[in-house]
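Subject: Handover of a structure, with findings

Dear colleague,

Please find below the structure that I am passing on to you.

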Amino acid sequence: MSMAIPSGVRQIAESLDDVPAYVYDLAGLARHVAAVQAALAGTELCYAVKANPDPEVLRTLAPYTDGFEVSSGGEFGHVRALLPDTRLSFGGPGKTARSRSMTRCWASV
């Protein structure tokens, strides 16, 4: 699948010269996840924070998801601080006592 790079994104990327950077098309991301949400109507849609915890990416995704899946205490704290009212799923194997206690502290706030 080939996608056209929006001119604004291309311009930013080209201005960086040899500086490594991630340049996100947040409007394009919002359109894409809105289309996924529409295609999966009636299905709970959560985003795995481990895929990309960038604050602007998470803020962009928040209106289109039912919550975020976190797999560590650090991810839990990151998302809770950024989006305090969003639903979180604390998944994955092998949680430490510290991670579990962190979630209990947030739940009691």
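Asn52 is located in the loop between E1 and H3; helices (H or I, at least four residues) and strands (E, at least two) are DSSP runs, numbered from the N terminus. Please note that this is a predicted model, in which local features need pLDDT of at least 70 and side-chain atom pairs count only at pLDDT 80 or more, while totals for chains, interfaces and linings use all residues. Residues are numbered from 1 along each chain as its sequence is written, and side-chain values use heavy atoms, with hydrogens and water left out.

Asn52 and its surroundings

With a relative accessibility of 16%, Asn52 counts as buried; buried means under 20% relative accessible area, exposed over 50%, and partly exposed in between (1.4 Å probe, protein chains only). Its side chain forms a polar contact of 3.0 Å with the side chain of Tyr24. A polar contact is a pair of N or O atoms within 3.5 Å; within protein, one must be able to donate a hydrogen and the other to accept it, and residues adjacent in sequence count only if both atoms are side-chain atoms. When neighbours within four places in sequence are set aside, Asn52 is in contact (heavy atoms within 4.5 Å) with Tyr24, Tyr47, Val57 and Leu58.

Aromatic pairs

Rings of Phe, Tyr and Trp (its six-membered ring) pair if their centres lie within 6.5 Å; planes under 30 degrees apart count as stacked, over 60 as edge-to-face and the rest as tilted. By this rule there are three aromatic pairs. In one of them, Tyr22 and Tyr24 have ring centres 6.2 Å apart and planes at 5 degrees, so the pair is stacked. Tyr22 is exposed, at 73% relative accessibility, and Tyr24 is partly exposed, at 35%. Tyr47 and Phe68 form another of these pairs: their ring centres are 6.2 Å apart and their planes stand at 85 degrees, so this pair is edge-to-face. Because Tyr47 belongs to strand E1 and Phe68 to strand E2, the pair ties together parts that are 21 residues apart in sequence. Tyr47 is buried, with a relative accessible area of 19%, and Phe68 is buried at 0% relative accessibility.

The sheet

Three strands make up an open sheet with parallel pairing, in the order E1-E2-E3; two strands pair if DSSP finds at least two bridges between them. The edges are taken by strand E1 (46-48) and strand E3 (88-90), each with a single partner strand, so one side of each is left without a neighbour in the sheet. On average, neighbouring strands of this sheet are turned by 25 degrees against each other, direction ignored; axes are lines fitted to C-alpha atoms, for helices over the stretch in contact, and angles run from 0 to 180 degrees between N-to-C directions. Strand E2 (residues 67-70) pairs with E3 in the parallel sense over three bridges, and Val70 stands opposite Phe90 in E3.

The helices

Helix H2 (residues 26-39) has 14 residues, which at 1.5 Å a residue should span 20 Å; its end C-alpha atoms are 20 Å apart, which agrees. The expected span is 1.5 Å times one less than the number of residues. Gly28, Ala30 and Val33 are buried in H2, and the buried residues of this helix pack against H3.

Thr60 is part of helix H3 (residues 55-61) and is buried, with a relative accessible area of 14%. A polar atom of its side chain lies 2.8 Å from the backbone oxygen of Glu56. Not counting residues up to four places away in sequence, Thr60 touches Leu26, Leu29 and Ala30.

In helix H4 (residues 73-82), seven of the ten residues are buried, so this helix is largely enclosed by the rest of the structure. The buried residues of H4 include Phe76, Val79 and Leu82.

Asp17 lies in the loop between helix H1 (7-15) and H2 and is exposed, with a relative accessible area of 67%. Its phi is near 55 degrees, a positive value in a residue other than glycine. Most residues other than glycine have a negative phi.

Pro6 is found in the segment before H1 and is partly exposed, at 33% relative accessibility.

Yours sincerely
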